[in-house]
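Subject: Structure handover

Hello,

Here is the structure I promised to pass on. Please open it next to this message; my notes follow below.

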Amino acid sequence: MIDPVLNINADYLNLLKERKLRLTQVIDTHTHADHISAGLFLKEARGCEYVMYKEAPAQCVTIRVDAGEIFKINDLKFQILHTPGHTKDSMTLVTEDWMFTGDVLFLDDGEGGRDDLPGGEVRLNIWKAWRFSKIFLIFLMVYPAHDYGERKPSTLGRQKTINPHLRDRSKEEIQGRT
C-alpha cells in the first residue's frame, strides 16, 4: 500500500479482509504534513514492513531505501528516485509501467505538492517533475499521492501536454532567477 491516510484506516482493513489479501509492505513516498499517514497503524495492525526513503525522520520505519536502489515486492520491482522539493525525503517509485510520484507531481492542472513546508525547497519540486518528462517513457501511468476531484491517473505523455508543472523551463527560470 502506498501513501495510506490514517483517517480511512478502517477502509484499508476492510478491503484487505474482503479480498483476502495479506499486506506485506506499506510505503510512504514522503513525510506527510497535510495528513497523518496510516503507515505506523498498518504496520502494527497487520505486522507488515514500513518503507520510507533513508532520510525520513520517522523512527518507526523498518526498511529505508536509497536513490537508485531497486526495491522488490514479490515480482514487482520499484526503482527508487530521490525527488526532494515537497519534502527532503520525497521519493518517486518507478516500475516498467507506472510512476508513483507522491507529491512531486499531481495530475493535469494540479501541478505538484507545496514546497513551503518544513524541508521543502522553493520550486525544486517543479524542476524534478519537469525532469521526469524528459527522462521517462511517455506511456508510464502517473499515480500521485493525492486524488483531487475527478482527475484520473493518466500517462506521462498526456501529462506533458496538459500539466503546467511539466512546461519546458530551465532550473533558473523555475527558481525565479531569470
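The protein chain has 5 helices and 9 strands. Along the sequence they run α-β-α-β-β-β-β-β-β-α-β-β-α-α. Please keep in mind that this is a predicted model. Of the 178 residues in the protein chain, 46% are buried. I also looked at contacts between residues at least 6 apart in sequence: 59% of these join residues at least 24 apart.

Helix pair α1 and α2

Two packed helices are described by the angle between their axes and the distance between the axes. Here the pair is α1, residues 9-18, and α2, residues 39-46. Their angle is about 40 degrees, and their axes lie 11 Å apart. That angle makes α1 oblique to α2. Angles under 35 degrees would count as roughly parallel. The crossing of α1 and α2 is right-handed.

Which residues in α1 and α2 meet? From α1 come N9, Y12, L13 and L16. From α2 come F41, L42, A45 and R46. By class, this contact of α1 with α2 has 6 nonpolar residues, 1 polar and 1 charged.

The segment before α1

Two residues here are worth a look. P4 sits in the segment before α1. P4 has a relative accessibility of 1%, so it counts as buried; the cut-off for buried is under 20%. P4 and F41 are 37 residues apart in sequence. In space, their C-alpha atoms are 9.8 Å apart.

L6 is also found in the segment before α1. L6 and F41 are 35 residues apart along the chain, and 7.5 Å separates their C-alpha atoms. Leaving aside residues up to four places away in sequence, L6 touches I36, S37, A38 and F41.

Positive phi values

Two residues other than glycine have a positive phi. K20 has a phi of about 55 degrees and is not a glycine. K20 lies in the loop between α1 and β1, with β1 covering 25-27. At 76% relative accessibility, K20 counts as exposed.

N74 is the other case. Phi of N74 is near 55 degrees, again positive in a residue other than glycine. N74 is in the loop between β4 (70-73) and β5 (76-82). The relative accessible area of N74 is 73%, so N74 is exposed; the cut-off for exposed is over 50%.

Cysteines

How many disulfides are there? The count comes to 0. A disulfide would need a pair of cysteine sulfur atoms within 2.5 Å. As for burial, C48 has a relative accessible area of 5% and is buried. C60 has 22% and is partly exposed.

Where to start

I would open the view on α1 and α2, with their right-handed crossing. Then go to P4 and L6 in the segment before α1. Finish with the loop residues K20 and N74.

Best regards

Methods
Residues are numbered from 1 along each chain as its sequence is written. This is a predicted model: local features need pLDDT of at least 70, side-chain atom pairs count only at pLDDT 80 or more; totals for chains, interfaces and linings use all residues. Side-chain values use heavy atoms; hydrogens and water are left out. Buried means under 20% relative accessible area, exposed over 50%, partly exposed in between (1.4 Å probe, protein chains only). Axes are lines fitted to C-alpha atoms, for helices over the stretch in contact, and angles run from 0 to 180 degrees between N-to-C directions. Helices (H or I, at least four residues) and strands (E, at least two) are DSSP runs, numbered from the N terminus. Angles under 35 degrees count as roughly parallel, over 145 as roughly antiparallel, 65 to 115 as roughly perpendicular and the rest as oblique. A crossing is left-handed if the near helix is turned anticlockwise from the far one by less than a right angle, and right-handed if clockwise. Contact means heavy atoms within 4.5 Å. Ala, Val, Leu, Ile, Met, Phe, Trp, Tyr, Cys and Pro count as nonpolar, Asp, Glu, Lys and Arg as charged, and the others, Gly among them, as polar.
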